[in-house]
Every structure is written in C-alpha cells, then in structure tokens.
Amino acid sequence: MKSGCYFLQFDIKFQFQSLLNNEAIATEVYSRLISRSFRNISETMDDIIFGSAYRELNLGPNDLTCTFPTDGIPVFKSSKFSIWPILLSLNELKHKTRVRNVLIASLWFGKSKPYFDSFLTPFVEKCVELSKSSLVNWNIGDKQVSSKIFFPLCIADSPARCQCQGTAQFNGAFGCSWCLSTGESFKIRENAHKWVYPDVKNITPRSHENFVDDLKQFSVLLGNGSKVKHHRGIKSTSQILLLPKFNIVSGFGFDVMHAAFLGVSRTFLNYWIDSKYHDRKFYVGTKIPLNK
C-alpha cells in the first residue's frame with residue numbers, strides 16, 4: 001500500500017438493478033421517460049433530459065443515460081495519497097433525487113494520478129455491455145421494463161478532462177478541448193505566464209469527427225518514426241471513445257468552477273475590492289456605499 005497504486009471496480013449493473021428495484025425510484029424514472037417523449041424541444045428546458053443534445057442521442061423508449069464525474073480527492077493531510085472515483089448519476093431522475101442516489105463505478109488509490117488507460121478500460125467495457133443489450137430489468141407495477149444504459153456525459157475539471165480525453169493540458173499549445181486554436185504564451189510578470197487564446201473570431205471548432213481524424217494522423221506520424229508528442233493536441237487514444245453515443249468533444253462539460261468561479265470571477269473581484277489596488281481606476285472599494 002505504501003508504494004503502489006490500486007483500483008477497485010464495482011458491479012454497476014447490480015447497482016442499477018438495485019436502484020430501480022426501489023418502487024419510488026422506478027415510478028419517478030418511468031414518469032420521466034413518458035415526459036421526455038411528449039415534451040416539445042421549444043418548451044422550457046429545466047433538466048438534462050429536455051436539452052437538444054440529449055434529444056440528439058436518439059434513445060429508445062426505455063433507454064436510460066448516465067453522467068459520470070471523476071476527479072482526485074486528497075485522503076490525508078500528511079501524505080500525497082489520493083483517491084479518484086468514477087461516479088454515476090442517472091439523468092432520468094429528477095435532480096434532487098439524482099444527487100441523493102449517486103453510484104460508484106471505480107475507485108483508484110495511490111500517490112499519483114491514475115494510469116487512465118488501465119483505470120478506464122474495465123469501466124468502459126462494462127458500460128459498453130450495458131449500452132448494447134437491455135440487461136437492466138425493472139418493474140413498474142405489473143409491467144416489466146428492460147433498459148439499455150448509455151453514458152454520454154463526463155464531468156471533470158480541466159486537468160482531469162485532458163487525461164480522460166488523451167489531449168494536451170489546458171495550459172499549452174492546442175490545449176483547448178473545444179477548438180483547434182494553437183493559442184500563445186502571455187507574460188503576466190517576471191517568471192509568470194498564461195496560455196491564452198486572443199483570436200476568438202477565427203477559430204475552427206473541434207468535433208468528434210475531426211478529433212478522430214487527428215488521432216489517426218497522429219498514429220500515422222508515430223508509425224512513420226516521428227518524435228512528435230502530439231498532433232493538434234491529441235496525445236493518446238482514450239478508452240472513452242469506445243462508449244456508444246459518447247461525443248469525445250461535446251461529451252465533456254465546461255470546468256465552470258475553475259474557469260469562472262475560481263478563475264475569471266475571482267480575479268475580477270480581487271481587482272475590484274482588494275485595497276492594494278486602492279489607487280487604480282477600477283478599484284470600487286471607496287465608491288460603493290456600505291449600509292451600516
């Protein structure tokens with residue numbers, strides 16, 4: 001345990017079966033399956049299953065979908081050990097029920113980040129099995145329902161997303177997961193740089209198709225003896241590409257926590273109210289009347 005890395009794989013079919021054996025859960029899921037069939041796409045979008053991307057999955061009447069988040073969590077303050085879970089939430093549950101019934105698919109433990117190929121392979125194999133056959137059976141009253149389960153959405157922060165996608169890190173050339181802009185290094189101060197994308201008007205979006213084409217081209221380059229480390233940001237083949245109905249580009253959510261709440265928003269807020277900027281025009285600490 002002191003020197004190695006370990007991971008556990010859990011039986012997700014059994015967990016889904018157990019979850020749907022709960023009468024209240026089954027009733028809610030079945031009700032939502034009916035709702036998604038009749039809800040017009042132009043109506044108010046109040047959850048994942050009423051979005052346009054969800055509709056484009058072309059699901060069968062009893063098909064279910066999951067979101068799978070993953071990230072590292074420190075275990076002890078006194079050591080570098082961390083755990084990396086892969087969690088599962090059923091999108092066809094209402095949000096309040098969904099967050100109370102999160103399942104665990106895999107768990108990595110060690111001093112380093114997971115070896116993602118090893119970590120993802122057994123998880124993806126089980127997901128593919130559940131996606132191709134109606135293996136999960138559950139009851140709604142006297143009616144038996146058989147469902148395939150698809151996994152079209154992964155939630156990960158920027159460093160973890162790059163590992164899952166098999167792409168360059170966000171702070172380097174071609175580091176954007178959604179476009180093909182090279183970007184450039186911007187000097188903030190001495191010995192401090194940021195990777196930025198100044199030309200946002202003339203960019204080519206990434207797509208599942210050009211991502212796969214770039215991966216094939218990278219494979220050709222390596223096969224011809226090239227020493228390149230990546231091709232347009234593609235560094236390796238992700239096991240996630242094997243998931244049915246998963247789009248390797250749009251299947252990842254934006255890292256709103258780091259990009260906005262702990263990134264741009266925090267930066268602006270600090271500039272506006274930190275007293276060390278009291279003599280700058282943008283400082284608002286002396287301009288906002290505070291009620292006593």
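Predicted model: local features only at pLDDT ≥ 70, side-chain atom pairs only at ≥ 80, totals over all residues.
1. Overall composition. The protein has 292 residues, and 37% of them are buried. Its secondary structure consists of 8 helices and 10 strands, and its C-alpha atoms occupy a box of roughly 75 × 70 × 50 Å when this is taken along the principal axes. The accessible surface amounts to about 17,500 Å², with carbon and sulfur atoms contributing 56% of that area. As for the contacts between residues at least 6 apart in sequence, 60% of them link residues that are at least 24 apart.

2. Strand β5 and its partners. Strand β5 covers residues 103–110, and because 6 of its 8 residues are buried, the strand is largely enclosed by the rest of the structure. Strand β1, which covers residues 6–9, runs antiparallel to β5 and is joined to it by 4 bridges; within this pairing L8 stands opposite L107 of β5. Strand β4, residues 82–90, is likewise antiparallel to β5, here through 7 bridges, and in this pairing W84 stands opposite W108 of β5.

3. Helix α1. At the start of α1, a side-chain oxygen of D11 comes to within 3.2 Å of the backbone nitrogen of K13. The helix itself spans residues 12–20, and its buried residues are I12, Q15, F16, Q17, L19 and L20.

4. The surroundings of Q165. This residue belongs to helix α6, which covers residues 158–165. With a relative accessible area of 1%, Q165 falls under the 20% limit, and it is therefore counted as buried. Its side chain makes a polar contact with the side chain of S177 at 2.9 Å.

5. The loop between α3 and β2. Two residues of this loop can be described together, namely N58 and P61, the loop itself lying between α3 (52–55) and β2 (64–69). N58 has a phi near 55 degrees, which is a positive value in a residue other than glycine, and its relative accessibility of 63% is over 50%, so N58 counts as exposed. P61 also counts as exposed, at 67% relative accessibility. Leaving out neighbours within four places in sequence, P61 is in contact with L33 and R36. As a distance for orientation, P61 and G172 are separated by 111 residues in sequence and by 43 Å in space, taken from C-alpha to C-alpha.

6. The hairpin of β9 and β10. Strands β9 (residues 184–189) and β10 (residues 192–196) pair in the antiparallel sense over 5 bridges, and W195 in β10 is the bridge partner of S185. The hairpin has 2 residues between its strands. N191 lies in the loop that joins β9 to β10, and its phi, near 65 degrees, is a positive value in a residue other than glycine. N191 has a relative accessible area of 72%, and it is accordingly classed as exposed.

7. V264, F268, L269, Y271, W272, I273 and F282 make a nonpolar surface patch of about 650 Å². Among them, V264 is found in helix α8, which covers residues 256–273. At 46% relative accessibility, V264 lies between the 20% and 50% limits, and it therefore counts as partly exposed.

Methods:
Residues numbered from 1 in each chain as written. Heavy atoms only, no water. Buried < 20%, exposed > 50% of the residue type's maximum accessible area, 1.4 Å probe, protein only. Pairing = 2+ DSSP bridges. Patch = residues over 30% accessible without salt bridge, like charges linked within 9 Å, V, L, I, M, F, W, Y side chains within 5 Å. Areas by Shrake-Rupley, 256 points an atom, 1.4 Å probe, with all protein chains shown as cover. Salt bridge = Lys/Arg side-chain N within 4 Å of Asp/Glu carboxyl O. Polar contact = N/O pair within 3.5 Å; in protein donor to acceptor, adjacent residues only side chain to side chain. Contact = heavy atoms within 4.5 Å.
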